[in-house]
Each structure stands twice: as C-alpha cells, then as structure tokens.
Amino acid sequence: MRPVPESTMTNGTTSGSTVAGIDGSTIVVRYKDGEKKIVVPPNVPIVRYEIGNNSDLKTGARFTVLAATKKADGTL
C-alpha cells in the first residue's frame with residue numbers, strides 16, 4: 001500500500017477507548033482526553049493478530065514474524 005499525501009498512520013493498541021459511533025467509513029473513537037473521527041477508506045487492510053501454531057502454516061497463508069534469530073548460515 002502506498003501512502004496517501006497528507007495522511008498519517010499509527011500502529012498501536014487501544015486501552016480505555018471505545019468506538020462511539022460509525023457513520024459510513026468514519027469511525028468515532030472516544031478516549032480519556034476526547035474523541036477522534038477516523039476515516040477508513042474501503043481499501044485499508046484491518047488486521048488482528050492471533051497466536052498460531054504449525055498447523056496454520058499452509059501454502060498461500062499470510063503470516064508475520066515478530067521476532068527471529070539469525071543463524072550463522074543466514075537462515076532465521
């Protein structure tokens with residue numbers, strides 16, 4: 001995905017915030033110090049991480065490695 005001019009991206013988790021409303025592609029998130037309206041275009045990937053195991057690894061499956069140790073032969 002390519003950045004959109006004048007756009008921002010934040011990766012993080014939420015704690016103590018709630019979704020206060022949804023209007024089309026706009027989400028209102030309410031938190032301790034106020035609220036924000038966030039526009040989510042239809043092409044934006046929304047992801048949720050879950051811990052898996054070896055049986056989840058199948059041809060074509062997408063996955064993310066959060067930590068790995070590089071061995072002397074260059075493999076992880």
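Two strands count as paired here if DSSP finds at least two bridges between them, and the strands themselves (E, at least two residues), like helices (H or I, at least four), are DSSP runs numbered from the N terminus. In this predicted model, local features need pLDDT of at least 70 and side-chain atom pairs count only at pLDDT 80 or more, while totals for chains, interfaces and linings use all residues. Residues are numbered from 1 along each chain as its sequence is written, and side-chain values use heavy atoms, with hydrogens and water left out.

On the pairing itself, Ile-22 has Ile-27 in E2 as its bridge partner. That bridge belongs with strand E1 (residues 18-23) and strand E2 (residues 26-31), which run antiparallel to each other over five bridges. Two residues sit between E1 and E2 in a hairpin, and Gly-24 in the turn takes a positive phi of about 65°. E2 also pairs with E3, again in the antiparallel sense, over six bridges. As for the overall inventory, the chain has three strands and zero helices, so the order from the N terminus is simply β-β-β.

Within strand E2 sits Val-28. Val-28 counts as buried because its relative accessibility is 15%, where buried means under 20% relative accessible area, exposed over 50%, and partly exposed in between (1.4 Å probe, protein chains only). Setting aside neighbours within four places in sequence, Val-28 touches Thr-18, Val-19, Ala-20 and Gly-21, along with Glu-35, Lys-36 and Lys-37; contact here means heavy atoms within 4.5 Å.

Burial across the chain comes to 3% of its 76 residues. Among contacts with a separation of 6 or more, 8% come from residues 24 or more positions apart. The accessible surface of the chain is about 7900 Å², and carbon and sulfur atoms account for 54% of that; areas come from the Shrake-Rupley method with a 1.4 Å probe, and for residues only the protein chains shown count as cover.

On that surface, Leu-57, Phe-63 and Val-65 make up a nonpolar patch with about 340 Å² of accessible area together. Patch members have over 30% relative accessible area and no salt bridge, with nonpolar side chains (Val, Leu, Ile, Met, Phe, Trp, Tyr) joined within 5 Å and like charges within 9 Å; a salt bridge puts a side-chain nitrogen of Lys or Arg within 4 Å of a carboxyl oxygen of Asp or Glu. Leu-57 falls in the segment after strand E3 (34-39) and is exposed because its relative accessible area is 53%.
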